[in-house]
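Hi,

Here is the structure I said I would pass on. Have a look at it first, and then read my notes below.

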Amino acid sequence: MARIPVAQRRRDFIEAAVEVIAAHGIDGATTRRIAEQAKANVAMLHYCYDSKEDLFADVYTFVAGKYREVIEGSDPHTTLPDAARQILRGVMECYLDSPSFTAATFELVNWARRQHGDRGIAVYDQAFDTVRKALQEASADDPVTPEVIDEATYVLATLADGFGVNWLTYGDASVARAQMDLNCSVLDTWLATRLAATPAKA
């Protein structure tokens, strides 16, 4: 049997950890459960990772990378409202496509805030910074103030995460699809009102 490279094994353990955290929470995410989910033995997990903390650090990197992929996948050659809508819909689609990713993300952020303080903030900070950059690029031809960018980032994140919690609670995909459209219309309306009331940045 061909030997599986360590890098591939680590990816397997990261994906397995996401599933186990989603199903059992952080406290229930034992190395044995993660190894079983990855169809490996515990010894192999410990060969790839010195500790569960090291594995969770890679899971954080994975989560941050998923957000970055969605956000950076928006078209930079567009308007601020269009870019914001693309990002919001992209994050909600990501949540809808993988309830496990959604649940694990919220679990990890809450756990990290309890255990490590700033690490829980770091995932949000990275996502916020990437959103700000994408919105700034989209508004390059029609600049707005930094305050508007910050507010748009906050509103977008609030709508996306509110959607994620609702989706995890009720799990009705057809209702969630309708709520995605509703959230996008809320974002459109807020942005139109905010931009109309704000002078363009010099």
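On charge, the chain carries 20 positive and 29 negative side chains, with the centres of the two sets 7 Å apart. Lys and Arg count as positive here and Asp and Glu as negative, while His and the chain ends are left out. Each charge is placed at NZ of Lys, CZ of Arg, CG of Asp or CD of Glu.

Before you go further: this is a predicted model, so local features need pLDDT of at least 70 and side-chain atom pairs count only at pLDDT 80 or more, while totals for chains, interfaces and linings use all residues. Residues are numbered from 1 along each chain as its sequence is written, and side-chain values use heavy atoms, with hydrogens and water left out.

Now the overall picture. You'll find nine helices and zero strands; both are DSSP runs numbered from the N terminus, helices being H or I with at least four residues and strands E with at least two. The C-alpha atoms fill a box of roughly 60 × 35 × 35 Å along the principal axes. Of the 202 residues, 41% count as buried (buried is under 20% relative accessible area, exposed is over 50%, partly exposed is in between, with a 1.4 Å probe and protein chains only). Take the contacts (heavy atoms within 4.5 Å) between residues at least 6 apart in sequence: 72% of them join residues at least 24 apart.

Next, the inside. The largest nonpolar core has 61 residues; a core of this kind is a set of buried Ala, Val, Leu, Ile, Met, Phe, Trp, Tyr and Cys residues joined through side-chain atoms within 4.5 Å. Helix H5 (residues 80-97) gives the most to this core, with ten residues. Phe-13, Ile-34, Leu-55 and Leu-135 have the most contacts inside the core. Leaving out residues up to four places away in sequence, Ile-34 touches Phe-13 and Leu-55, and also Ala-16, Ala-17, Val-20, Ala-29, Leu-45 and Phe-56. In soluble globular proteins, nonpolar side chains tend to be buried together.

Val-59, in helix H4, is buried at a relative accessible area of 0%. Beyond its neighbours within four places in sequence, Val-59 is in contact with Ile-14, Ala-17, Val-18 and Leu-108. Val-59 and Glu-15 are 44 residues apart in sequence, yet 8.0 Å apart in space, C-alpha to C-alpha.

Asn-183 sits in helix H9 (residues 173-196) and counts as buried because its relative accessibility is 12%. Its side chain reaches the backbone oxygen of Leu-159 at 3.1 Å. Not counting residues up to four places away, Asn-183 touches Leu-88, Met-92, Leu-159 and Phe-163.

Then there are the loops. Lys-39, between helix H2 (31-37) and helix H3 (42-48), is exposed, with a relative accessible area of 74%. Its phi is near 55 degrees, a positive value in a residue other than glycine. Pro-143 is in the loop between helix H7 (118-138) and helix H8 (146-170), and is partly exposed at 31%. Pro-143 and Ala-173 are 30 residues apart in sequence and 37 Å apart in space, C-alpha to C-alpha.

Happy browsing!

Methods:
A polar contact is a pair of N or O atoms within 3.5 Å; within protein, one must be able to donate a hydrogen and the other to accept it, and residues adjacent in sequence count only if both atoms are side-chain atoms.
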